[in-house]
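Subject: Structure for you to look at

Dear colleague,

Here is the structure I said I would pass on. My notes on what was found in it follow below.

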Number of protein chains: 2
Amino acid sequence: MSKRIITVSRQFGSGGHTIAKAVAARLGIPFYDNELITEVARKSGLSEEFIRENEEYASHSNSFLYQLAMSTAGSYGYPSVYQKLYEAQTKVVEELAEKGPCLIVGRCADYILRERGDCLHVFIHADNAQRAARILERYGDTGKSIEQRIKEKDSRRRNYYRFHTDREWGICANYGLALDSGILGEELCVELITQAFKAE
Amino acid sequence: MSKRIITVSRQFGSGGHTIAKAVAARLGIPFYDNELITEVARKSGLSEEFIRENEEYASHSNSFLYQLAMSTAGSYGYPSVYQKLYEAQTKVVEELAEKGPCLIVGRCADYILRERGDCLHVFIHADNAQRAARILERYGDTGKSIEQRIKEKDSRRRNYYRFHTDREWGICANYGLALDSGILGEELCVELITQAFKAE
């Protein structure tokens, strides 16, 4: 089946955002990363600021309180604010995919759209040395050790993904294509993803 | 660094062997899969038949006896036959990589050559329905259910890899490129691997 949607999951510091943006531009299809936030805000009634702080990278997705908020919500007959956020995000991802060809970064989109036959799910990663260099260049020094920053982000994304999908993050079997941007280089990643998407 | 070696790890029934062979032919570099066995036999003194039955797919790599043979070997001051086989295999992989550009299938070659900067490590997989169809077409019906055959092979390769490398099999981070041959098709897999290998 010909592809209409690309989802891109990426390690922090792998250049996944930049590569994904270039792929969307090359294919002439809409690109959704932070662009999703406005739509999720509209749908959920939550503020963009709250979403920005608590979506995907939620620092407490691994915490007892977050797990509790998610799991006990049903007992009181109303969804917790985190559940509301995830549900709104899911709806936005589904609607965007329904609307037409596009590229969506993160947000468990590979899982949410797993039943569609017209998606190419991509994972982008790199080794820690290359991620560290890119993070320092892009986001600067925050005083915290770079190893710690990488470890925390990996752990948050892994936990968030596991919590909502019951799958492990970064397993080859979940992606049509997985690329090491450090080994291949950004330009080649863009080229390979574009070719994979265009192929029947 | 420009690439000289390709290692291909593959799920049973993913078409990985066929794809790898086509890549090597396209690049004009030697291809080693079962071709390795003669060399391992020469180096280890073990028979080709024994190697064929006990290398990589060793049905007992998961068993208590195999674990025992591997772990207690040292206590008696001589290597077990399985350890001897793995060591000979490792040496052959290292020597082939040293000799010149080539493509090596399986044998934990991605792990054995992990410190070299001139390798492209590839993983090829597909979903179970597509693997089942290919297995039946290629190897025929053996009386055992196809789900069981896939499960057993996956489990053996995973255990063998984990035992010798202390890493998990099929994790994106271990490969420069991972491809779903069912989604992308064999021809495109050959094309993408070839491009990734040729790029500086």
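How much area is buried between chain A and chain B, and what part of that area do carbon and sulfur atoms give? About 1800 Å² is buried between the two chains, and carbon and sulfur atoms give 65% of that area. Please keep in mind throughout that this is a predicted model.

The interface

The size of an interface is often given as the accessible area lost when the parts come together. In terms of residues, 22 of chain A are in contact with 22 of chain B. Between chain A and chain B there are 10 residue pairs in polar contact, counting pairs with both residues at pLDDT 80 or more. Four elements of chain A each supply at least two residues of the side that touches chain B: strand S4 (119–125), strand S5 (177–180), helix H9 (181–184) and helix H10 (186–198). The largest share comes from H10(A), with 5 residues. By type, the residues on this side of chain A divide into 15 nonpolar, 4 polar and 3 charged. As for salt bridges, the rule finds 0 across the interface of chain A and chain B.

How the chains are related

Chain A on its own

The secondary structure of chain A comes to 10 helices and 5 strands. Of its 200 residues, 54% count as buried. Taking contacts in chain A between residues at least 6 apart in sequence, 71% join residues at least 24 apart.

Is Tyr32(A) buried or exposed? Tyr32(A) has a relative accessibility of 16%, and it counts as buried because the cut-off is under 20%. Leaving aside neighbours within four places in sequence, Tyr32(A) is in contact with Leu96(A), Lys99(A), Cys102(A), Leu103(A), Ile104(A) and Val105(A). For Tyr32(A) and Leu103(A), the separation is 71 residues in sequence and 6.1 Å in space, C-alpha to C-alpha.

Thr194(A) is a second example, this time from helix H10 of chain A. With a relative accessible area of 4%, Thr194(A) is buried. Apart from neighbours within four places in sequence, Thr194(A) is in contact with Val23(A), Arg26(A) and Leu27(A).

Salt bridges

Over all chains, the structure holds 30 salt bridges.

The side chains of Arg131(A) and Asp154(A) meet in a salt bridge, with 2.6 Å from N to O. Arg131(A) lies in helix H7 (residues 128–139) and Asp154(A) in helix H8 (residues 146–165), both of chain A, so the pair ties together parts that are 23 residues apart in sequence. Arg131(A) is buried at 1% relative accessibility, and Asp154(A) is also buried, with a relative accessible area of 13%.

In chain B, Glu187(B) forms a salt bridge with Arg26(B), and the closest N and O atoms are 2.9 Å apart. What does this pair tie together? Glu187(B) lies in helix H10 (residues 186–198) of chain B and Arg26(B) in helix H1 (residues 16–27) of chain B, so the parts joined are 161 residues apart in sequence. Glu187(B) counts as exposed at 52% relative accessibility, whereas Arg26(B) is partly exposed, with a relative accessible area of 39%.

Arg156(B) counts as partly exposed at 23% relative accessibility, and so does Glu152(B) at 22%.

Lastly, a network of salt bridges links Arg4(A), Glu98(A), Arg116(A) and Asp118(A).

Regards

Key. Residues numbered from 1 in each chain as written. Chains lettered and ligands numbered in written order. Predicted model: local features only at pLDDT ≥ 70, side-chain atom pairs only at ≥ 80, totals over all residues. Heavy atoms only, no water. Salt bridge = Lys/Arg side-chain N within 4 Å of Asp/Glu carboxyl O. Buried < 20%, exposed > 50% of the residue type's maximum accessible area, 1.4 Å probe, protein only. Contact = heavy atoms within 4.5 Å. Buried area = accessible area lost by both parts, 1.4 Å probe. Polar contact = N/O pair within 3.5 Å; in protein donor to acceptor, adjacent residues only side chain to side chain. Nonpolar A, V, L, I, M, F, W, Y, C, P; charged D, E, K, R; others polar.
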